[in-house]
Amino acid sequence: MTAIIATPAVSAATSTAHADVLLQARGLNAWYGAAQILFDVDLQVHRGEVVALMGRNGAGKSTTLKALMGMLAKRRGAVNFMGRDISKSEPHQAAALGLAFVPEDRRIFTDLTVMENLAVGRQPPRRWPDGSEAPVWTPERLFKLFPNLGEMPQRPGGRMSGGEQQMLTVARSLMGNPFVVLLDEPSEGVAPIIVEQMAQTIVELKSQGVSILLSEQNMHFAELVSDRAYVLEKGQIRYSATMAELSANEEVRRAYLSV
Ligand SMILES: Nc1ncnc2c1ncn2[C@@H]1O[C@H](COP(=O)(O)OP(=O)(O)O)[C@@H](O)[C@H]1O
Ligand SMILES: [Mg+2]
């Protein structure tokens, strides 16, 4: 199938490395068992960016995030994070470097309270390579971002709504003071009010210096928060552009997205 390419997805990746590229994949391939799911995925996340990884159900969005994080048994290709090769790293090693992953199936500890869930995610403060301090998160700061969590610090995770659990999952990963957060379908399966709050949260995180790569099928949500977008189909990047260009490109949206 011929790809509709406005900006080749590899153009930036093949030029000399930018100092502000935090996360980069080149020629990323991944398998579940014998089935190859990702084919030569190239992508980059720069400092201060929110990037949307778009595509229909089954396109390979979650697999891409898992492959970046090192959660798949079989992957091949280059993955670089903050100047380090993490293509052979375990998920906990990537996390220790400041790469966070928020899965779509909200894995909070249902027996633990909000505060205890947050404590589990705590990691030491970090510095940017230039020596400046990276954003440091505490429960107090997170409760400003997620006021409804602040109203239930002692509530067990199992007694929260799906939307509250979603918020807690994001908050817990921020306790690791990540440079980049991989956010899998933040708008999926939660009430519109939570979707709205999640969009505000992402915009706020960006303003605090956290970069985000989010997977998304919801064009409206992606438009609200994203600077750039990659469009996946059948495990391949078919299109890469600014979010505004994707919004304006009806042909690509009709070909690869449900809008
Ligand atoms: N655990 C798994 N085992 C085997 N195949 C899987 C597994 N998870 C996903 N797949 C397949 O990989 C492809 C991409 O899935 P996924 O990355 O979850 O897509 P998306 O997140 O874009 O909806 C789909 O064809 C899906 O059926
Ligand atoms: Mg998915």
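A polar contact, as I use the term here, is a pair of N or O atoms within 3.5 Å. Keep in mind that this is a predicted model.

I'll start with ligand 1. At Gly58, a backbone N or O atom sits 2.7 Å from one of the ligand's oxygen atoms, which falls under that cut-off and therefore counts as a polar contact. Ala59 also uses its backbone: a polar atom there is 3.2 Å from an oxygen atom of ligand 1. Lys61 approaches with its side chain instead, placing a polar atom 2.8 Å from a ligand oxygen. As for cover, ligand 1 taken alone exposes 560 Å², and the protein buries 57% of that.

Now the shell. Around ligand 1 we find Tyr32 and Ile37, then Arg56, Asn57, Gly58, Ala59, Gly60, Lys61, Ser62 and Thr63. Which element gives the largest share of the shell? That is helix H2, residues 61-69, with 3 residues.

Next, a helix pair. Helix H7 covers residues 162-174 and helix H8 covers residues 192-207; the two pack with their axes 10 Å apart, at an angle of about 15°. Angles under 35 degrees count as roughly parallel, so H7 and H8 are roughly parallel to each other. Their crossing is right-handed.

Last, the backbone. Most residues other than glycine have a negative phi. Two residues here are worth a look on that score. Asp40 is not a glycine, yet its phi is positive, about 50°. Where does Asp40 lie? It is in strand E2, residues 35-46. The other is Glu185, again a residue other than glycine, with a positive phi near 45°. Glu185 belongs to a loop, the one between strand E7, residues 180-184, and H8.

Terms used:
Residues are numbered from 1 along each chain as its sequence is written. Chains are lettered from A and ligands numbered from 1 in the order in which they are written. This is a predicted model: local features need pLDDT of at least 70, side-chain atom pairs count only at pLDDT 80 or more; totals for chains, interfaces and linings use all residues. Side-chain values use heavy atoms; hydrogens and water are left out. A residue is near a molecule or strand if one of its heavy atoms lies within 4 Å of it. A polar contact is a pair of N or O atoms within 3.5 Å; within protein, one must be able to donate a hydrogen and the other to accept it, and residues adjacent in sequence count only if both atoms are side-chain atoms. Accessible areas come from the Shrake-Rupley method with a 1.4 Å probe; for residues, only the protein chains shown count as cover. Helices (H or I, at least four residues) and strands (E, at least two) are DSSP runs, numbered from the N terminus. Axes are lines fitted to C-alpha atoms, for helices over the stretch in contact, and angles run from 0 to 180 degrees between N-to-C directions. Angles under 35 degrees count as roughly parallel, over 145 as roughly antiparallel, 65 to 115 as roughly perpendicular and the rest as oblique. A crossing is left-handed if the near helix is turned anticlockwise from the far one by less than a right angle, and right-handed if clockwise.
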